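Have a look at the structure first, then read on.

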Amino acid sequence: MELRRRDYHVERPLLNQKQLEELGRWSSVTGTHQWRTWLQCSHARARALLLQYLPVLAWLPRYPVRDWLLGDLLSGLSVAIMQLPQGTFAVMSVMVGSVTESLAPDEDFLQDLNSTVNETARDAARVQLASALSVLVGLFQVGLGLVHFGFVVTYLSEPLVHGYTTAASVQVFISQLKYVFGLQLSSRSGPLSIIYTLLEVCWKLPQSVVGTMVTALVAGVVLVVVKLLNDKLQQHLPLPIPGELLTLIGATGISYGVGLKHRFGVDVVGDIPAGLIPPVAPNSQLFAKLVGNAFAIAVVGFAIAISLGKIFALRHGYRVDSNQELVALGLSNLIGGVFQCFPVSCSMSRSLVQESTGGNTQVAGAVSSLFILIIIVKLGELFQDLPKAVLAAAIIVNLKGMLMQFTDICSLWKANRMDLLIWLVTFVATILLNLDLGLAAAVAFSLLLVVFRTQLPHYSILGQVPDTDIYRDVAEYSEAREVPGVKVFRSSATVYFANAELYSDTLKQKCGIDVDRLISRKKKLLKKKELKLKRLLKEEKLQRQAGPLEPAAASKGTSVSINANTSIRDIESNNMEGSKAKQVSAGKELEDTAASGQEDAKAPDGSTLKALGLPQPDFHSLVLDLGALSFVDTVCLKSLKNIFRDFREIEVEVYMAACHTPVVTQLEAGHFFDASITKQHLFASVHDAVVFALQHPRSGPVSPVSVTQL
């Protein structure tokens, strides 16, 4: 198909880097110090800092009461009722429980008389440990937020976040099975704990309570039906039907009226202690024992919070400030620890419930907190008969959105299999190693994969698209043609210590010649000629010392051109230029030795490939397209210098093109440019370099030619 031509005509001179800098009046940009910005004081900066750390002051005055208030109220009530019987996030609760059980085991509280456990003392010690742990976790999170540790979110790619949250949703799902089947399971933590829990559930299935299973099934069906109605009647309803809230209230009434606990053995929430515990300062002596676990819990809590935050931000089109999240989460744990709470993070199931029931802003969270406070102080007894199976059913139904992320496997298989590998490794590592070690393994694997992918980039020889200044891979573009006499080479990734050697090797391979072998053969031949020349000169010196030469030989003079590289100085020091007498046999051998140097009239130097009888490359210039370079290190600099040296040895001139300004600055800082490699070897574009190479083809080696007459 023939493209319609449009006028695109630019006339400019051919530009190398030096000319480009002169034309554009390039000057280095002086960087501004960040600390100067921090120390600036103004009304605008004070307001910006206030809104940064108290964002509620920015969005609350613009809150659309008529549109969002009712949804936030119903959503907050639904989440609050679900929050009553459990901790915020099951995995975090298990991690905290494992710490308290290991530092305050039952064996430390055995009574001497009957070897029974003093539960009152044990629970008091564990509460003290949990509250101290919460304070320490809060301090870590606030500190990390203030030093902007949130930058690590950069390394949490979308496939990693999806794989991680999917694995976390599977863990939450498995943790709710004991409430669905009415089973009593052992408390486990650490690697493979979720596998052991699932095996124990399967082992104890015959012990399931039928009443509990029926209760969970009915509640689940009701919730699914309500969600289907909400989806179908979405355009006709002012706000979604609060299925979770109605189900929880209805289940509580039915349980109280029918007596599900006593008649059918259905486990219920039970007694909810009333009143608030007065604030107590944590025991700082416990910090040394808790510091390692506190840091791990702080990182896991942040990872869960930011992962869910990024998922909801993508769904609803807003950004998450990772450092602000760290500070907010840390303050929650820090203040909560003073009131004898244990460390928490955001809840996956409650967040999904809040989203599905019409929650829009933090007002829903404030309503939840206020309602839970009222329940703790006064209304706790009203929900004592709420079946735990109903709560478990509500959590499982709302996990649908996260579990649907399994469909990412099919889409990533078609789109990007490297991202699919990250997703699968993250999921498997999190399932097997738990959330803390799984996250560390996932991040480490994704970073190693990035390094691996930069080690094996796509290398290509470029050709010119006809009638354009555009160069593309000749293997991909059938109409792209290599410019005769010029090779253009490009890498799709930056060149650094991990792939510099591969870059050089692939370049030599793509050029179609064995550069290293050709250089080796050239050096061997030159060395052989040098040794032969030395031997002949030594014989001549001995013959001269023996006596005057015959006149016949004196009349036969010889003038030859010999290149012996550095050893030519030894030849010149003998001052043989005035000698006219020589034996015929010695002169003939010298003529044979130098014959190859006289074959090429244009290059009377015997070190050329043609003079040495070696194959010559079918190109005279090499252009390196460095547009993909984002930085250079010392290994890259040495590799580029070696490329210049090696290709010049085989009579190919090397040029560079399309370097970004920061890379040029780094080349200068690394003393890359010198007398042999100047900025005139670096061009603004590949086309500039190709045109210059065609105008200036190489016709001999770079090293100076030494000529000596014998």
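What follows covers the salt bridges, then the transmembrane annotation.

A word on ground rules: this is a predicted model, so local features need pLDDT of at least 70 and side-chain atom pairs count only at pLDDT 80 or more, while totals for chains, interfaces and linings use all residues. Residues are numbered from 1 along each chain as its sequence is written, and side-chain values use heavy atoms, with hydrogens and water left out.

**Salt bridges**

The structure has 17 salt bridges, each one being a side-chain nitrogen of Lys or Arg within 4 Å of a carboxyl oxygen of Asp or Glu.

| Pair | N to O distance |
|---|---|
| Glu21 and Lys679 | 2.9 Å |
| Asp646 and Lys508 | 3.1 Å |
| Glu539 and Arg535 | 3.3 Å |

Take Glu21 and Lys679, whose side chains meet in a salt bridge. This pair links distant parts of the chain, 658 residues apart: Glu21 sits in helix 1 (residues 17–24), and Lys679 in the loop between helix 28 (661–669) and strand 6 (682–683). Helices (H or I, at least four residues) and strands (E, at least two) are DSSP runs, numbered from the N terminus. Glu21 counts as buried because its relative accessibility is 14%, and Lys679 counts as buried at 14% too. Buried means under 20% relative accessible area, exposed over 50%, and partly exposed in between (1.4 Å probe, protein chains only).

Next come Asp646 and Lys508, with 3.1 Å from N to O. Asp646 is in helix 27 (residues 634–649) and Lys508 in helix 22 (residues 500–510), so the bridge ties together parts that are 138 residues apart in sequence. Both Asp646 and Lys508 are buried. They also belong to a network of salt bridges that links Lys508, Asp516, Arg645 and Asp646.

Glu539 and Arg535 stay within helix 23 (residues 515–546): they're separated by about one helical turn because they are four residues apart. Glu539 is partly exposed at 32% relative accessibility, and Arg535 is partly exposed at 38%.

UniProt (unreviewed entry) places the feature "transmembrane region" at several stretches, including residues 209–229 and 357–377. UniProt positions are given in the numbering used here, feature names are shortened, and annotations may be inferred rather than shown by experiment.

So what do those two stretches look like in the model? Residues 209–229 are 95% helix and 0% strand, and their end C-alpha atoms lie 31 Å apart. For residues 357–377, the span is 76% helix and 0% strand, with end C-alpha atoms 26 Å apart.
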